[in-house]
Amino acid sequence: MSAERFVRAARIADIDDVVRIQVAAWRAAYGPRLPAPVLEEITGEEAGRRFREQWLAAVRTPPTSRHRVIIATDTAGGEGSAPHRITAGFAALGPATDPDLWPATDAEVYALHVDPELAGAGHGSRLLNAAVDHLVEDGFRTAHLWTLEEGDPLRAFAESSGWRPDGARRTVDADGLLPMVRLHVAIGG
């Protein structure tokens, strides 16, 4: 693995990048599906403040030792500027939260986002692989992930990695319904 690209535990200093990436990823994923006022509400300044508080708590005081936030890093710069480390994406993971799953052996990837400007460079694969490695180490046997039902690059990416729908569905009401499906994959014995 390149010394420029790796995955590590998120730190407090990473939170602003995590929020920036979440907002950019949500704008890219939900922007075409939502009215502009709704998109602004879920990705605007107030939402950013709430995300910041949420991610600070997740990194400072995770609910259990099996809850994690990890980030993918890369190096930027060159052509007249000094190389520097950047956050390319992040994932949050831990015990499954859905009532039909058993949190002792069922895990969930709560979020997996890559900076849309860096998509396609392998950061999502590194994040997903690292997330599954952590989940296996923590004794989970199955991992779950919610995605939009249609037109979601995250769904296509996860399915290309072997994840499949498990039959669970839900809708998110964001001034119009967004159908979602839950994907799963076996990760441990």
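I counted rings of Phe, Tyr and Trp (its six-membered ring) as a pair if their centres lie within 6.5 Å, with planes under 30 degrees apart called stacked, over 60 edge-to-face and the rest tilted. The model is predicted, so I noted that local features need pLDDT of at least 70 and side-chain atom pairs 80 or more, while totals for chains, interfaces and linings use all residues. Residues are numbered from 1 along each chain as its sequence is written, and side-chain values use heavy atoms, without hydrogens and water.

Entry on aromatic rings. I searched the whole structure and found three aromatic pairs. Trp26 and Tyr30 are edge-to-face, at 5.7 Å centre to centre and 80° between the planes. Both lie in helix H1 (residues 15-30), four residues apart, about one turn of the helix; helices are DSSP runs (H or I) of at least four residues and strands (E) of at least two, numbered from the N terminus. Trp26 also pairs edge-to-face with Phe51, at 5.1 Å and 75°. This pair links distant parts of the chain, since Phe51 lies in helix H3 (residues 45-60), 25 residues from Trp26. I recorded Trp26, Tyr30 and Phe51 as one aromatic cluster.

Entry on strands. I took two strands as paired if DSSP finds at least two bridges between them. Strand E7 (residues 177-186) runs antiparallel to E5 (residues 142-148), with seven bridges. Seven bridges also join E7 to the antiparallel strand E6 (residues 164-173). Leu183 in E7 is the bridge partner of Leu145, and Pro165 stands opposite Leu183 as well.
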